[in-house]
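Here are my notes, as promised. Have the model open while you read them.

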Amino acid sequence: MTRHDCRNVPVSHHDQSAIDRLDGLLEDSLAFAGDPVAGADALLAEHPDFIMGHCFKAGLLTQSMEVRIYDEMVSSVEAAEKLAPNANERERGHIAAVRAWIDGDFSLAVQHWEEVVIACPHDLLALQLVHLSDVLLGDTLGQRDSVARVFPLWDEDMPGYEFVLGLYSFGLEENRDFSRAEELGRRAVAMRPAHPYAIHAVAHVLEMSGRQSGGIWWMTSRTADWADSNFDNHLWWHLALFHLDLNQIDTVLSIYDNHLRQRDHIGDKYSELDSAALLWRLNLLGIDVGARWRELADSWEPSATDTLYAFNDVHAMMTFVSDNRTQAASRLLNANERYVDHATDANAAMSRIIGLPFSRALQAFAAGRYDECVDTMIPVRYRTHRLGGSAAQRDIIGWTLLEAALRAKRYRLALALAHERCGTKPTSPQNWNFVARAHKGLGNDALAGKAEARAESLIAA
Ligand SMILES: [Fe+2]
């Protein structure tokens, strides 16, 4: 029997109350609230024949990129496949997408979800999964265009419009359309203040355009709207980045200790990613972070040989090399080298193109082999988007390369790289500090002094 969800999208299920509950769970997932997977489990316990309920749970699980959820994801899609004879075309598209994901063909999975969105432009679950998968896979254009292709078919009277605005805002930001991204992100937050993804999209605009003080105000004036969400650790990380650029290191460490590594985030992969990314940036600035690497490396070590997601692997590598865990680092590299030799899935390409080179570069950097780090990174530096994540997250690659060039005393190269960074973010004090250090290395003391003064004036401002 066909009924419809709150956006009039067809659902093959007989019980409208179950469909309404699923609408609520989708809203929770988009608002980073509650526990939508546990909610789906409860719903499916009462309605085991609810095809979209299984598709919802399986679809959300694809985004985890963790070994521990794999069996659950497979069980969910198998349950949906058994019910497939009663599924409509949209539901068969969702099932095919998760099956392709499990088979390792992430691009085909995205294609299936895209086909669902084209046929059903108001299928907000499919739209969310296309967009988030594009973020995971580093498909920058897809993050924007997945929403652009249906955006005119939405209007603000439709339930969930503010989430579409949030997705579109982030896609525009990643494609450096900052003014439109900020406009849509702020509109989404005006519609729903507790909208962590839209708050995040605007934070990215502020980060990428070097508006640190504005970023700190944007985040801190809204803490009540995001600090209890399931996205809080990543938003704390963004707040820390603004402080880091202003060289407010005590505040960065306080955010790390009090929010990123709070007990309720231990074991959370997103917390581990953001924590490693923050400590590595501090490491690049030459700041001693004490025993923090040890605790974090303990968290990462069980997943050293996962070979599931290159983005995770490079962050694991940061922790291993920083805590002198040579065996764990070798295990990670060996596992990935064996894996890319025979695997044909999408992650193998990500590992081959950027995951493995960056992991080796991190190892060289930590061992003081800065020339090797530079020479490993230079040929792949414009392929880094293939690692997935956001431009702000991947900035750690360019930053590592530049710091290695400085430490290798390759000051001409360092100056060129520092100038590139100032070209895209001229209001970043850290970028001008790089320029100053490169000039100093070249003996251009007057130019170094000018760049230092610029960095200081930006901090003072
Ligand atoms: Fe982010």
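1. Ground rules first. This is a predicted model, so to speak of local features takes a pLDDT of at least 70 and side-chain atom pairs count only at pLDDT 80 or more, while totals for chains, interfaces and linings use all residues. Residues are numbered from 1 along each chain as its sequence is written.

2. Domains. The protein splits into domain 1 (1-138), domain 2 (266-389) and domain 3 (409-461), with bounds that come from an automatic or database domain assignment. The C-alpha centres of domain 1 and domain 2 are 31 Å apart. Their contact takes 11 residues from domain 1 and 13 residues from domain 2; two residues are in contact if their C-beta atoms, placed from the backbone, lie within 7 Å.

3. The domain 1 side of that contact. Two or more residues each come from α6 (106-119) and α7, and α7 has the largest share, three residues. By type, this side has six nonpolar, three polar and two charged residues. Here Ala, Val, Leu, Ile, Met, Phe, Trp, Tyr, Cys and Pro count as nonpolar, Asp, Glu, Lys and Arg as charged, and the others, Gly among them, as polar. Helices are DSSP runs (H or I, at least four residues), numbered from the N terminus.

4. The core. The largest nonpolar core has 140 residues, and F56, W113, V202, A240, M317 and L362 have the most contacts inside it. Helix α7 (residues 124-137) gives the most to this core, 10 residues. Such a core is a set of buried Ala, Val, Leu, Ile, Met, Phe, Trp, Tyr and Cys residues joined through C-beta atoms within 7 Å. Buried means 20 or more other C-beta atoms within 10 Å of a residue's own, with C-beta atoms placed from the backbone. Leaving aside neighbours within four places in sequence, L362 touches V314, M317, M318 and V321.

5. Helix α17 (residues 292-300). Which residues are buried here? They are R292, W293, L296, A297, S299 and W300. Seen down the axis of α17, they fall within an arc of 155°, so they line one face of the helix; the arc is that of the directions from the helix axis to the C-beta atoms. Their cover includes α15 (249-260), α16 (269-284) and α18 (310-322).

6. Helix α24 (residues 429-442). This one is mostly covered, with 11 of its 14 residues buried, among them W432, F434 and R437. The buried residues of α24 pack against α14 (232-245), α22 (391-407), α23 (411-424) and α25 (445-460). After α24 comes G443, whose phi is positive, near 85°.

Methods: A residue is buried if 20 or more other C-beta atoms lie within 10 Å of its own, exposed if 12 or fewer, and partly exposed in between; C-beta atoms are placed from the backbone.
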